[in-house]
Amino acid sequence: MMGSEKFMLTAADYIIVTAMLLVSAGIGIFFQFKNKKKTNEEYLLAGKDMSILPVAFSLMATFMSATTLMGIPAEMYLYGTNMTFMNLGFVIGPIITSYVFLPIYFANDISTAYEYLEKRFGKLTRKITSAMFAIQILFFTSATLYAPALALSAVTSLSMWMSVISVGLVCTFYCTLGGMKAVLWADVFQTILMFVCLFAVIVQGCLLLGGIGNVFEIADEGGRIFFPKFSFDLGTQYTIVNIFAQGMIITMSSYGGGQCQVQRLMTLRNLKRSRIATFISIPMIVSFQLLCCLCGLVLYAYFRYCDPMTSAEKPIQSADQLIPYFISTTLDHLPGIPGLCICGIFSASLSTVSSSINSLASVATEDFIKPIFPKLNLTSFHTKIMKYC
């Protein structure tokens, strides 16, 4: 089971990965030709006529990145089920924001999350906050592209830089051509692949370990299943209080003040539909996170006697490489399945990076360019900026 040699992807794997990238790019081309009228609202907010379901999918895909897909299983593998209880906060946070923040955004008819700050606290506050968002997005996007590519290159024949470049180019391509509608519908396609990747790992692990019951039994015997203690001690790493608070604060800040999520919620025509999209996204986020947690338990149960990070051959260097390593060592006999799982990891990157690109372009034009050049014809000018931001 252990081995230091990298898994060589087959032709079927490369075909599937290429097909995934081409479909994502094709969505951008489709909306480039479908939407003849390229207005500011069309690029920024999808004309405010989006259906509820794709927005809900996009909210989930934007929130859950490739670092989540590989990081949460690693967390379960090392420290057990602590982070599972973040889901309690994931349920409460979006509900609070849908009743506290969304009414404000719709009442003020904003395009970015920072327009309201100008009305309340002045232009300087808006510009500082927008600039901080831009810097944060640049670092976050870099990590989202680099981390999964590094993990995959460590255990497979995929080149790290080819992975970064191909995902980055495809993402920029369909964002540029299709605008927000292309991003939202691409997120639907990519979300499906993300779930397929998780299910493939879980099903294969259960087959190898004799069923899901054995997985939980082995994880319990290994001390990986437990309930965090109830404590208000801020110095304790894991308590039910700080885990719940973390989940709630993350979702509230994302849904209530993060441009990526707010921009998606504003693509719907009214507050009611935006709330429905928020509520639908909650079980998607929770189910995805729970599947990631289950993946971690599967990985622990499978590798409990031969930890690939501490074995003599040491085929992997860090826990975030566990899922790629598991895929390459247990699914290699099934043509195309490793490639399909890699598509799921790349999709998690694409969905988050495309959201970042689109939101960054929106903030750049609405919060910086438009206030400086208010008399410019932004219908044509904005189109050019959106294409080159």
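A residue is called buried when under 20% of its relative accessible area is left, exposed when over 50% is left, and partly exposed in between (1.4 Å probe, protein chains only).

## About the model

This is a predicted model, in which local features need pLDDT of at least 70 and side-chain atom pairs count only at pLDDT 80 or more, while totals for chains, interfaces and linings use all residues. Residues are numbered from 1 along each chain as its sequence is written, and side-chain values use heavy atoms, leaving out hydrogens and water.

## The overall build

The protein has 16 helices and 0 strands; these are DSSP runs numbered from the N terminus (helices: H or I, at least four residues; strands: E, at least two). Its radius of gyration, 21 Å, is close to the 21 Å that the globule rule gives for 389 residues, so the protein is as compact as a globular protein of that length. That radius is taken over C-alpha atoms, and the rule is 2.2 Å times the number of residues to the power 0.38.

Of the 389 residues, 57% are buried. The C-alpha trace spans about 70 × 55 × 30 Å along its principal axes.
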